[in-house]
Amino acid sequence: MLALPAAAEARTPADPAAGPAGRSTCAQLAHLAFPDAADVRAEEVAAGSFSAPGGGGRLSSIPAMLPSGTAKPIANPAFCRVTASLRPSGDSDIRVEVWLPAQGWNGKFLAVGSFGWGGMIMYGGLLDGLAQGYAVANNDTGHQATLGAAGAGGEFALSHPEKLIDYAWRANHSMVVYAKALVRARYGKGPTKSYWIGCSLGGLQGLIEAQRFPADFDGIVAGAPPNPISSFNASQIWASWLIQSDPARAMPKAKLALLHDAVVKECGGVVGAQQGFVEEPGKCTFDPGELQCKGDDAPDCLTAAQVFLMRQLYEGPRNSRTGANIYPGPARGSELTLDMFTQAKPMPVAFDMFRVVAFENPQFTLAEMDFGAKFEAAAAKIDPLLGVGSNLAPFFKRGGRLLFYVGWNDFHNPTELGSYYQRLAQDSGRLAGPGTRLFAVPGMNHCMGGEGCDTFDKLGAIDAWATTGRAPEEMVSAKYDPKGEAIRTRPICAWPKVARYRGTGNIAAAASFACVAP
């Protein structure tokens, strides 16, 4: 098992928010005394002059990925940009950016999460939060990569256990402490409220923060958190493992589209069937066997091998030693997102968790994997570092608010997150129920995209909840065209309620729907 160095917790700086107040110029922030900060630069950025680099800049500028769900291009207000490298260990190089509004600071702090294996700054989230008046921060998780390029996976962690710790939790907490110190130095006081917003890895990062450092944030928005990530990644490589055993099981895109059309036709619902998605996937039990070829393979049917694969994929992998379900498979209706999982080559982002982190062997192949003893060994190594349990009582006792969201067309089945949501209420004390809400979004893919309404104001929701104490029970979400114009809107409802068409009115308008019990 990967041992956490004894000094790791101790080397994380203490929060200086209670220290002497002061007001520094932007230039003076470059000289703020702070443990482990190096290569610090501070510069004034004029309104409208910032241009985000590529990579994380492009990804995090998609409206559904933005904290406020802004659909129009964002021009930056004037701000003080602080960049630094935080080095809490001898092998750390955590590149952080902290942006401080030149005028109109709302007194609050927002940290935005990363995506995939990290390695980049999520500039879109920073710009969006800054435009709402927040002091904002993000980091590259302690290594540098470009999304989709070679080296964007987990290989940075090979023979670098300290970098793995930075990736898992230390980069984020160190950034939070540093950012709050800069806020206090710049404005003479610390933030009145602090929020975290992220999806995928960013969602998991938020949960890890709530567990390890419950005082860091007052509100956390955790989108599609893959937790425990060992089990989730096992489910993502499951179909590829089955296909390597029998290549005839592979599902080409055309067959996935055929299956998706059949699922939507049977389970779409009054509105979903017209808009191209399943409205209540939790009720859909469509069997791929209904499309099985009567004779030879053909474009309008599935072979017996393909039917087998899809049944197994929907169910999710089982532990070959105990028979227990490791993680539920994706919901019906998600078929158009499954192409990367239904081929012989395993999804690299998922497989690296086993190849690199668990077994520390770049040559490890999927053929060597099993879903019994080897999976258990991997989970025993990964989960203590990257897993989050269901007891977050210290976070809720401080008044922390935790908002989950996930798309029904995500590989991450919302029923799994619903089960975790229930365990939190059971295991985290009486404040967990009032302090947690879950929103499952019909027709939304992984964090964004799909035919459903994928864009809503997450930042406004968590801020209103943290400042008024009133938990969100429904929110209006939208689907936008490339020009930033709303195609349609729809309410998303606090779990377990669902949005149903009232029977009259425009099916593209949220007012035509009501949140009801499933």
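Cys493 and Cys515 form a disulfide, with 2.1 Å between their sulfur atoms; a disulfide is taken as a pair of cysteine sulfur atoms within 2.5 Å. Helices (H or I, at least four residues) and strands (E, at least two) are DSSP runs, numbered from the N terminus. Both Cys493 and Cys515 are buried. Buried means under 20% relative accessible area, exposed over 50%, and partly exposed in between (1.4 Å probe, protein chains only).

The model is predicted: local features need pLDDT of at least 70, side-chain atom pairs count only at pLDDT 80 or more, and totals for chains, interfaces and linings use all residues. Residues are numbered from 1 along each chain as its sequence is written, and side-chain values use heavy atoms, leaving out hydrogens and water.

The structure holds 5 disulfides. In sequence order, the bonded cysteines pair as 1-2, 3-8, 4-5, 6-7, 9-10.

Cys26 and Cys80 are also bonded, their sulfur atoms 2.1 Å apart. This link is right-handed, at 80 degrees about the S-S bond. Cys26 lies in helix H2 (residues 26-29) and Cys80 in strand E2 (residues 79-86), so the bond ties together parts 54 residues apart in sequence. Cys26 is buried at 1% relative accessible area, and Cys80 is buried at 0%.

Cys453 is also buried, at 4%. Its closest cysteine sulfur, in Cys493, is 12 Å away, too far for a bond.
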